[in-house]
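Please look over the sequence and the 3D structure shown here before reading on. The report that follows goes from the whole chain to some of its parts.

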Amino acid sequence: MSGGPRRVAVTSPQTRVAHARRTLRRRWRAPRLEPGEELRARALHRAQRRLGAVTLLLLCALVFGLPLVFTAAPVLDELRLLGIPVSWLMLVLLPFPAMAALARWQLRGAERVEER
């Protein structure tokens, strides 16, 4: 033996929990809802899925629409504001604030759906 410090395996608490879950071997089942709660849950899921689809569609329109605007209006490269092409300003200043506004709108919509 070398006489050095003894090596010890160190694991996080999450690792121990994950290993413990594997040994349980029980099948997880979703809790059963009462009929009235089930109808409300289905309606809530449908409404939020619809809102999410609209949000995704608007996000795709933003991401893919901006290059189409640049292609359709090449004059934006020639227009300058403070010496910078307007197309560059649009590319820098438009997408992220628009995505933040879209995320806020979606979140508020999801909260409104849940309050009903």
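## The chain as a whole

Among the contacts in the protein with a separation of 6 or more, 62% are between residues 24 or more positions apart, a contact being heavy atoms within 4.5 Å. This is a predicted model, in which local features need pLDDT of at least 70 and side-chain atom pairs count only at pLDDT 80 or more, while totals for chains, interfaces and linings use all residues. Residues are numbered from 1 along each chain as its sequence is written, and side-chain values use heavy atoms, with hydrogens and water left out.

The secondary structure comes to 5 helices and 2 strands, which follow the pattern α-α-α-β-β-α-α along the sequence; helices (H or I, at least four residues) and strands (E, at least two) are DSSP runs, numbered from the N terminus. The protein has 116 residues, of which 12% count as buried, where buried means under 20% relative accessible area, exposed over 50% and partly exposed in between, with a 1.4 Å probe and protein chains only.

Helix 5 has 21 residues and reaches 30 Å from its first C-alpha to its last, close to the 30 Å expected at 1.5 Å a residue, the expected span being 1.5 Å times one less than the number of residues. Its buried residues are P95, L102, G109, A110 and V113. Seen down the axis of helix 5, these buried residues fall within an arc of 100°, so they line one face of the helix; the arc is that of the directions from the helix axis to the C-beta atoms.

What covers the buried residues of helix 5 includes helix 2 (35-72) and helix 4 (86-93), whereas the face turned away from the buried side carries the exposed residues F96, R104 and E115.

## A nonpolar surface patch

W105, which is found in helix 5 (residues 95-115), counts as partly exposed because its relative accessibility is 38%. Together with V54 and L58, W105 forms a nonpolar patch on the surface, with about 250 Å² of accessible area for the three together.

## The loop between the strands

L82 is found in the loop between strand 1 (80-81) and strand 2 (84-85). Although L82 is not a glycine, it has a positive phi of about 60°, and L82 is exposed, with a relative accessible area of 83%.

Technical notes
Patch = residues over 30% accessible without salt bridge, like charges linked within 9 Å, V, L, I, M, F, W, Y side chains within 5 Å. Areas by Shrake-Rupley, 256 points an atom, 1.4 Å probe, with all protein chains shown as cover. Salt bridge = Lys/Arg side-chain N within 4 Å of Asp/Glu carboxyl O.
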